[in-house]
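Biologist: Could you take me through how to read a few features of this model, beginning with the strands and ending with the interior?

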Amino acid sequence: GTVNGSDPSNPENDSPDAGANCMFTGQGAVGGAAGTADVDGGPTVLTSPAFDLSGGDGIITYSRWFYSVNGVPDTFTIQISNNGGASWVTLENVSGVGNNSWIEKSFRAGQFVTPTNNMRVRFSATDNPNDSLTEAGMDNVRITKINCN
């Protein structure tokens, strides 16, 4: 993990789930300076494999981390697609302070798109213009299918 002043900018550990790994935007040297491996420009994008929610609905759950200070406020955008990624609908845009800890979020897919057999979720962090210290992380992504019969 990295620290900017007294604020954790990149997590030292993954979220408090049973696993031991997570995805994040960059990892500098242990004890290195914040910003050494942060998002510069962007976007930095993580896209899920396709999953099937046809004939029902689903709950998308994940833990996220976002840190952005100095310069123009940046965003971390989480989106869902029901056509394999040809188009996207935003679940949430994260910006501002107070997001540099693991925060769990859940969304019902059918409230945003019609569930199909070609669903995807996308996580996108951007530092544009490249003038700030920006980090993002994702962990414990879960898709729970709900049968609506």
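Predicted model: local features only at pLDDT ≥ 70, side-chain atom pairs only at ≥ 80, totals over all residues.

Biologist: How many bridges join strand β1 to strand β2, and how do the two strands run?

Modeller: Strand β1, residues 2–4, is joined to strand β2, residues 7–10, by three bridges, and the two run antiparallel. Asn4 has Asp7 as its bridge partner in β2, while in the hairpin, where two residues lie between the strands, Gly5 takes a positive phi near 70°.

Biologist: Where is Ser48 placed, and is Ser48 buried or exposed?

Modeller: Ser48 lies in the loop between β4 (41–47) and β5 (56–69). Ser48 counts as buried because its relative accessibility is 17%, the cut-off for burial being under 20%. Once neighbours within four places in sequence are left aside, the contacts of Ser48 are with Arg120 and Val121.

Biologist: And which residues of the largest nonpolar core touch the most other members?

Modeller: The general idea is that in soluble globular proteins nonpolar side chains tend to be buried together. Here the largest nonpolar core has 20 residues, of which Ile60, Tyr62, Phe76, Ile78, Ile80, Met119 and Phe123 touch the most other members. Two or more residues of this core come from each of β5, β6 (75–81), β7 (89–94), β9 (120–127) and β10 (133–147). Not counting residues up to four places away in sequence, Ile60 touches a set of residues that includes Phe51, Ile80, Phe107, Val121 and Ile143, and also Lys105 and Arg142. A second core, separate and of five residues, has Trp65, Val69, Trp102 and Leu133 among its members.

Methods
Residues numbered from 1 in each chain as written. Heavy atoms only, no water. Pairing = 2+ DSSP bridges. Helix = DSSP H or I, 4+ residues; strand = E, 2+ residues; numbered from the N terminus. Buried < 20%, exposed > 50% of the residue type's maximum accessible area, 1.4 Å probe, protein only. Contact = heavy atoms within 4.5 Å. Core = buried A, V, L, I, M, F, W, Y, C linked by side-chain atoms within 4.5 Å.
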